[in-house]
Structures are given as C-alpha cells and as structure tokens.
Amino acid sequence: YNSRRWSHVFPQGETEFKRHAGPNFKSLCQPAILPVEIDVFPSKEELDVRYNNRFHAVNLAAIEKTFYKSHTDLLMEMVRQRLVQDYQLVLPDVYTESRKKTTRDTDGKQRKLSNFPSELSTRSKDSPRKQKDSSERNIKIALSMDHCFQTIQYQPDDDSVRVDSYSRNDARNEGANQFKNTFQLWLPASERYTAVHQRFDKYPAEYNWNGLDNRISGDHSKSFHGTRYRRVSFRIIPDAFQDRRSEQDYVAKMKKIIEFLEIKAKKKLDIKISTVEERALQVKNKIVDSAERKLTFIVHLMKKKLDKYEWMEVVTNSIFDTKRAFQITFNWLVASAVKIEAQVQLLKRKCLHFGLNLVSATYASCHSNLYLHPFIRPESIFVNSVEKAKIVEQALINKYNFCEDGKVSVYPEDVKLTFGVEYDMDYSKRRWFQRTFLAQQYINRAGTIFIRLLLHKREKVLFVFLENRKHIGSNNELLDSTRKLQSQLKDMIETINNSDISCDCN
C-alpha cells in the first residue's frame, strides 16, 4: 500500500497500462520492502488539517540502566524498527521542501532516490569513538507509510529523542476499507472442504510505538504486548515415568536446565517444582488450577564492550510440573538472527546433553487465535457434553500418549468466527485483559500435535487439533503419523458421542 512500492510490477500512469495491461510479471525480482526511500511528505498545512498528531519522547537519562552509548545510537535503532514495520524513509530534501510549501506538491514527478539519507549515511563513516557527542548533533529523520507519517528528532535542549506521529483522519477500517471473504478450504486430515472466513482491513491496527521505543531504549518494565516482535518457542516434553524414582530422575535433569537458565538470567529464578504427589494433594484439597503466570528475564547478547546493543527476552513457566510440558520462548526486537540462532543451538545442545526431549513449537500453540494462517485451519470436532469430554481427556493421557501443556488465555472473538464457539460470560463489566477464558491444552509426547479444548456455552466442548509444523517440518513420516493420529482421535470421539457411557473420573 505504500507509495512507489510494487511500482515496478504495477506501472503508474496511463501510458504504461496501455502498452502493458496488468502486472509486469517479468519484474517480480524486487522484494516488496524496496525501495526503502520515498519522495512524498505532506505540507505543514495538510498535516494540520487532515492528520491527527501525537508525540512522545525517550530520555536515556531517565532510564535506570541502558546500554546505548548515545541518543544517536538509540535514534538509529528506532528508525530500523520502523523500517521493519513497512515504513519508508523520506528523502531529506523532500522533507525540507514540504516544510516551506503551503500545499502538497502534486506535479506527480518522481525524484531519483538516493541510496540512503544523509543523516543515516554519516552514521557509518566514523567509529563510535570518533563520533561527536550526541548533544552536539541535530538529527531529524522523517518516515512515511502512506496514511501515517513520523518524524524522529534528537533534542539537545532536554537530551531526548522526540517522535511526532501523524495519522490521516479518514484512515479507518469502515465500509469499503473493510472486506470479509468466505471461501472453502481443504482439510487434508479429514479429506473434506470447510467454510472459513477471513477479514481484510485496508489500514493496519494502531501500533504501540511509545511502548516499543521505551522498551528498546532499555526500559524492560514495558511488556511486548501490542508490538510485532519475533519469537521462537519450545516445549520440553516430560518423561513417561511410572514410579517415584523415575520421576525424581526427571526432576534432576530439569534442575540442570533450570540452572542453565539462571546462568543466562544472572539471577535466581523463582520456578516452583510440582510433583505427582503434590498435585494429588491439590486435588484432595480442591485447589483450583488457575492461569499460571509466566516468568520473564532479559538476556544480553553482547560479548565485547564495543559490540552493538542486542538482547532478547526469555519466557518460561513459573511452575515446573513433572506431568506437564515445560515452555521456553525467546522474544526479541533488537537482536541479529545469527545471535538468536546461537542461543537456540545452545539450548538444544544442553537439553540433548541432559537427556531432555526438546521440540520446537508453532507460535499458535501459545496464542489465543489458532487460525493465524489464512490457508491452514486446524481441524476440530465437538464432544456432546462436558462429562464425555473428560472421558476423551483421560483417553488422550492413558491411551494416546499425550501430556498436559497448560492452560491458554483465549479471547472469545478469536474462536467465535472461526469455530463457532461462544463462551458464556458477561463482558460488560470486565476490562479488556479480563475478557478471556482459560482453555486446557495437550501435546502428544512425539511433539507433533497440540489439542486445545474450547467450552461452548457450558454445554459441549470443541477439540481443536493443531499440527506442530515447526517440529514436523518436511518430514513426511511424521506428517503421515500425525494425520493418522487425528483420524484415530476423531473416530474415538465419534464413538463416545454416540454412546451412553458416563465419566467416573471423580
């Protein structure tokens, strides 16, 4: 949607389309992120009339601990984060001219794009030690995303970086700007078509740039909520032990990986160990199993003092349950792929050395919405009653080699349109982060499939089968066994639905 992007595929102007109607498929050789620069910026008058303005500032001096050497380094990282989110750099001379004009330039002439704006190109000429102090520099960079514009400027007066954001007044996802598409999608496991729905919005949702800028500056008290961060997730599948001695052997191995995580965190982690005996005591005392809080800590990835500031966030379970999969997730905003991969390989080697079964996990397994990919919809089947759903859960653990994967917080709107599930809850007096319900989830010990249970109107339960494509990869044998397992589980559920058996799990 950005100006100039894909212009080599869809030529602009009447002459080009008369000569060559439709897309120029021979030009499909340039990524959509290019060009990085743009020669369009509204005039000051247009910004005042047609755009909403808001601003925020980041001051390194106000942050307790930061690893940026100057505000210049922080400013450049803020620009990089915006380029990742589809912004384009506005040419310096274009921005300067727009400040002088009273109306927007409409001559339609496209300026020649340079390799990089002058402010950024000067950053790479000198080493950090030869640069001038940030208080002596006056850097201002403008960025564009068609309906959104931003300017990022270092302010020597208060020693901070100021961000001004402009969003167009009419950039709303209403009417023609919002489109809902219904189509038939093939489900390979059950070999049938099903109707699915996808909603397309012309404009992306409002982004939490204020929180992100403070987070990357070193304020790790801010959460990743509302930001498009990168992530990799893993599960440690528990051993299938049958006696207390085998359980203690598994606990000893997990203590080693917890010690490894404490070394990375450089502090003691408050991870509680829960054994089978302790769980039985909780059941006896009728202790309700509520949502488990996650444990987070920061790992700095710099090896040398002059290395670029890079870090990642590690998220784990706060309770290590011997009968439940243990989750480890790496989240990052400011880190190179090489350093993240090094941390991933280190974790895999440690688990292999300790004798632990570590598997990669698809992100949807810990997300509220299971239907993230428009052409990959998880298969599902309803169980007629809550009592029969408990029988199925028992069969998953005792017969089909599944284990618990914890409980996931689910927003009702994420499952209503896709699966037709409606949760019986009054949301009128709840805040946005309280408008969720907990869904039990299981994973098989082969690590190839997740099963999430969604309660529908407190009457019946939907079992959703999520293939773990991160672990399966291109292994056709694993894929075939996963599809076969789904078929077996569906046959079992249909048999239970058609029977009069009752649950004696209490």
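Tutor: α7 makes the largest contribution to the lining of the largest cavity, with 3 residues. A cavity here is a set of points on a 1 Å grid over the protein atoms alone where a 1.4 Å probe fits but cannot get out, and lining residues have an atom within 4 Å of a point. This is a predicted model, in which local features need pLDDT of at least 70 and side-chain atom pairs count only at pLDDT 80 or more, while totals for chains, interfaces and linings use all residues. Residues are numbered from 1 along each chain as its sequence is written, and side-chain values use heavy atoms, with hydrogens and water left out.

Searching the whole structure gives 1 cavity of 30 Å³ or more. Two or more residues each come from α7 (244-265), β11 (294-300), β12 (311-317), β14 (326-332) and α9 (337-354). These labels follow DSSP runs numbered from the N terminus, with helices being H or I of at least four residues and strands E of at least two. Sorted by class, the lining holds 9 nonpolar residues, 1 polar and 1 charged. Ala, Val, Leu, Ile, Met, Phe, Trp, Tyr, Cys and Pro count as nonpolar, Asp, Glu, Lys and Arg as charged, and the others, Gly among them, as polar.

Two elements from that lining lead us to a salt bridge, meaning a side-chain nitrogen of Lys or Arg within 4 Å of a carboxyl oxygen of Asp or Glu. K339 pairs in this way with E310, and their closest N and O atoms are 3.0 Å apart. Since K339 sits in helix α9 and E310 in the loop between β11 and β12, the pair ties together parts that are 29 residues apart in sequence. E310 counts as buried, at 6% relative accessibility, whereas K339 is partly exposed, with a relative accessible area of 21%. Buried means under 20% relative accessible area, exposed over 50%, and partly exposed in between, using a 1.4 Å probe and protein chains only.

β11 and β12 come up again around helix α6 (residues 209-216). With 7 of its 8 residues buried, α6 is largely enclosed by the rest of the structure. The buried ones are W209, G211, L212, D213, N214, R215 and I216. Covering them are elements that include β2 (51-58), α3 (71-84), β5 (148-155), β6, β11 and β12. After α6 comes G218, whose phi is positive, near 125°.

Of its 32 lining residues, T362, A364, E467, R469 and K470 lie nearest its centre. At least two lining residues come from each of β7 (178-187), β9 (230-237), α9, β15 (357-361), β20 (460-467), α12 (469-472) and α13 (476-497), and β9 gives the most, with 4 residues. The lining divides into 18 nonpolar, 5 polar and 9 charged residues.

Two of the residues nearest the pocket centre, E467 and R469, form a salt bridge whose closest N and O atoms are 3.7 Å apart. E467 counts as buried at 12% relative accessibility, and R469 as partly exposed at 41%. The whole structure has 20 salt bridges.

One last stop is helix α13, which holds L489. L489 counts as buried, at 1% relative accessibility. Setting aside residues up to four places away in sequence, L489 touches L396, Y400, F402, I451 and F465, where touching means heavy atoms within 4.5 Å. L489 and F465 are 24 residues apart in sequence, and their C-alpha atoms are 9.7 Å apart in space.

How values were computed: On a 1 Å grid over the protein atoms alone, a cavity is a set of points where a 1.4 Å probe fits but cannot get out, and a pocket is an open set with protein on both sides within 12 Å along at least five of seven lines; lining residues have an atom within 4 Å of a point. Grid points are joined across faces, edges and corners, and a volume is the space filled by probe spheres set on the points.
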